[in-house]
Amino acid sequence: MKYTKWNFIMSVLGIFIYIFDLIVDTWVSVKFFCEGQYVFGVLTVIFILFGTFVVQCFSYSWFKADLEKTGQENHHRFLLLHCLQGGVFIRYWFALKKGYHVAFKNSSKTNNFMEEQIDLHKEVIDRVTDLSMLRLFETYLEGCTQLVLQLYSLVEHGQGNFSQYAAIMVSCCAISWSTVDYQIALRKSLPDKKPFNGLSPKFTYLFYKLFTLLSWMLSVVLLIFLNVKMALLLLLFLWFLGIIWAFKNQTQFCASVGMEFLYRIIVGFILVFTFFNVKGQNTKCPMSCYYIVKVLATLSILIAFWVCPPSIFISDYLLIISITVVLTFLLGIIFLIVYYGIFHPNRSGEKKPDHTDGKPVQRDCRMRYFLME
């Protein structure tokens, strides 16, 4: 487990992507207001604020827990920074500052310093993994909802402007990349997990998430055109089922009861859009049931759309959208099967920790209780 110069470069790239995403979100909301689409503009601002609020809550909670572990009680300054929406930036500052020292300056390889080196690298990797998870939360809370709005606007008008296409591309890339990035960071932070190596597994996993997500997003957009209330009821029902699933699995991610409750609500929200493993258990059966439900829901929406097509759609346009929904879903399932059948790191068994050479594997990492497979 080592934090390399390449990891540092990727961390620097991460903060630029984070800032760029904020700029695009602001730009899109302003464009909506300027074009008179006040409902879309207000919804975009609400989604941005909600995602940011949740991220700041988790970030401060982790800062507070980490400080209490080291015997430090002065966490009020961090509370102020998080109230000013600076939690992610201060985390990037600490991670890059320590990461630069570890990757570029602390290059000693002698036996006397080897144990200290491992601790320093693990500290930086844990910081980067925390950031990766926060980006994952924000991406799904903001990106998925905004992607639905952008797709709805694009499908409604038949053509979009540059800002809409840019926002859709940024949202798709951000959601897919944050998912892959978290998976990489997760396995790097847990020494007894097999690493997520090679380009083929990463791209296969990325396309599996991207295509299944796009298919479901388009299906939701079609349902909104049919009946807005029905679409909201379906999404709320799926969200409720996701929350029940999180409670049933008795997740143990947060130290406090309140934050654990919020965490399970967020888990349920993410499960509306994609599947993930909330406790690191065998998920073959739950995943199969999840995607069977998605297949049935998608087919039901398409059938209803063809039986009662909205007047704004012509038959050729409807056919193109339907083919896109089906094709992206099939591609997503194919990449899913390939990933779990060939490329999944656990396919050959988990990496066994070596308790003879070096220190035993530390199992107090919070990421162990949030495993996304």
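## Helices and overall fold

Helices (H or I, at least four residues) and strands (E, at least two) are DSSP runs, numbered from the N terminus. By this definition Met-133 belongs to helix 5 (residues 111–157). Met-133 is buried, its relative accessible area being 0%; here buried means under 20% relative accessible area, exposed over 50%, and partly exposed in between (1.4 Å probe, protein chains only). Between the C-alpha atoms of Met-133 and Ser-178 the separation is 8.3 Å, although the two residues are 45 residues apart along the chain.

The protein chain contains 11 helices and 0 strands. Of its 373 residues, 50% count as buried. Among contacts with a separation of 6 or more, 76% join residues 24 or more positions apart, a contact being heavy atoms within 4.5 Å. The accessible surface of the chain comes to about 18,800 Å², and carbon and sulfur atoms hold 69% of that surface; these areas come from the Shrake-Rupley method with a 1.4 Å probe, and for residues only the protein chains shown count as cover.

## Basis and confidence of the model

This is a predicted model, in which local features need pLDDT of at least 70 and side-chain atom pairs count only at pLDDT 80 or more, while totals for chains, interfaces and linings use all residues. Residues are numbered from 1 along each chain as its sequence is written, and side-chain values use heavy atoms, with hydrogens and water left out.

The predictor's confidence in each residue, pLDDT, runs from 0 to 100. Its average over the protein chain is 79, and 81% of the residues score at least 70. Confidence is highest in helix 8 (residues 228–248), at a mean of 90, and lowest in helix 6 (residues 162–189), at 76. Over residues 350–363 pLDDT stays under 50, and the model has 23 contacts beyond four places in sequence for this segment. Where pLDDT is low, the predicted coordinates should not be read in detail.

## Aromatic pairs

The structure holds 28 aromatic pairs. Rings of Phe, Tyr and Trp (its six-membered ring) pair if their centres lie within 6.5 Å; planes under 30 degrees apart count as stacked, over 60 as edge-to-face and the rest as tilted. Phe-63 and Phe-94 form an edge-to-face pair, because their planes stand at 70° and their ring centres lie 6.3 Å apart. Since Phe-63 lies in helix 2 (residues 38–69) and Phe-94 in helix 4 (residues 87–105), the pair ties together parts that are 31 residues apart in sequence. Phe-63 is buried at 9% relative accessibility, whereas Phe-94 is partly exposed at 26%.

Elsewhere, ring pairs link Tyr-205, Tyr-208, Phe-275, Tyr-290, Tyr-291, Tyr-339 and Tyr-340 into a cluster.

## Charged side chains

The model has 5 salt bridges, each a side-chain nitrogen of Lys or Arg within 4 Å of a carboxyl oxygen of Asp or Glu. One of them joins Asp-130 and Arg-91, with the closest N and O atoms 3.7 Å apart. This pair links distant parts of the chain, Asp-130 being in helix 5 and Arg-91 in helix 4, 39 residues apart. Asp-130 is buried at 6%, and Arg-91 is buried at 7%. Arg-91 also lies over the face of Phe-63, at 4.3 Å from the ring centre; such a placement requires NZ of Lys or CZ of Arg within 6 Å of the ring centre and within 35 degrees of the ring normal.

Another salt bridge connects Glu-260 and Arg-264 (3.4 Å, N to O). Both Glu-260 and Arg-264 are buried. Arg-264 lies over the face of Phe-247 as well, at 4.6 Å from the ring centre.
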